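Please read it alongside the structure shown here.

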Amino acid sequence: MLILGIETSCDETSAALVADGKTILSSTIATQLDLLKKYGGVVPEVAARRHAELIGYVIKEALDTAGKTLDDVEAVAVTSRQGLIGCLMVGVAAAKSISYARQVPLIGLHHIEGHIFANILSNPDLPVPHICLTVSGGHNMLVHVQNKCRYELLGTTLDDAAGEAFDKIAKFLGLGFPGGPAIDKLSQQGNRKAFNFPRPMIKNKALDFSFSGLKTAVINMFKAQIAGGEPLPLADIAASFQEAIVDTLVAKTLRAVEEKDLKIVSVTGGVSANSRLRQVFTEVCKKRGIKVFFPKLSLCTDNAAMIAAAGYARMMLGERSDLRLNVFPNAPLGG
Ligand code: KG4
Ligand code: ZN
């Protein structure tokens, strides 16, 4: 089944063609980096307007790259839950139009389910059940993937998501946007033990996260250095901050693995592209006999291929949406 995926939940306008939920024929992503740099972050209404400008072009590009036309599309999958409301509406309106005009099935999906499927798409041998850490700019969750399309939420962020903390600290340090890749790169020249930043809630048994205290600690230390007239070791700050995030994400994930008595971990979402996070997870999991899976780098950040893959899995379960499909900025995973 050839599925057209559409993703517009935040700042990437994306369309992809995926066959049978596993073969990516094309994946077109138009980022809004120019706007992000101009405004220092995502401005919801500006992002939605940009989606409206780009969506038609991006869908055409995905079809052309795959050598297909709308006549070949057998179903449309679209992100309809979790994201910026105006942004979601652009993608859902486009998906409905194609579904109605071509008389093909439509399915609306949760953005996080897409991220979970980014890893299944990258690693077809990723078994279920497993523990999935999905960690991005807008979300930070530990999910027990009980079966394909059946999830138990184990923990989430109480304030900032890890990617959001990366972005805010990078902005504060003058490293630009998005912050994760900039901090990842700069950290490679820094000493990750230079500053002992807090590992938030690491000893707490709950599987929730909280990164705002860490963010404040970094900012306070930075201001103290300036006030003391000391040179600013930016690479050391970046590396020590990144280490605190990585330690926290790994510790909480291992606790979830123990609680559920599982030996398989999937790490997904924008922050799963982080080189230190990948390194630490790989080392720690090897020692404990746990298998860990990461998506291809091209599937870590938001993309429509993951939405098409999730759509295929749900359609195989007989699920469909109809033309009343609505958008929900906050919705439970699986709801
Ligand atoms: O999944 P995504 O595209 O969007 C959301 O759903 O939020 O993730 C974007 C986030 C941004 O916060 C970005 O800074 C972060 O992923 N990110 C990284 C890296 N690459 C992207 N964070 C740390 N290290 C990276 N290499
Ligand atoms: Zn995302």
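The model has an open sheet of five strands in the order 3-2-1-4-5, with mixed pairing, where strands are DSSP runs of E of at least two residues, helices are runs of H or I of at least four, both numbered from the N terminus, and pairing requires at least two DSSP bridges between two strands. This is a predicted model, in which local features need pLDDT of at least 70 and side-chain atom pairs count only at pLDDT 80 or more, while totals for chains, interfaces and linings use all residues. Residues are numbered from 1 along each chain as its sequence is written, chains are lettered from A and ligands numbered from 1 in the order in which they are written, and side-chain values use heavy atoms, leaving out hydrogens and water.

- Strand 3 (23–31) and strand 5 (106–110) are the edge strands, each pairing on one side only.
- Strand 4 (residues 75–81) pairs with strand 5 in the parallel sense over five bridges, and Arg 81 stands opposite His 110 in strand 5.

- His 115 lies in helix 4 and Asp 302 in the loop between strand 10 (291–293) and helix 10, so the pair ties together parts 187 residues apart in sequence.
- His 115 is buried, at 0% relative accessible area, and Asp 302 is also buried, at 11% (buried is under 20%, exposed over 50%, partly exposed in between, with a 1.4 Å probe and protein chains only).
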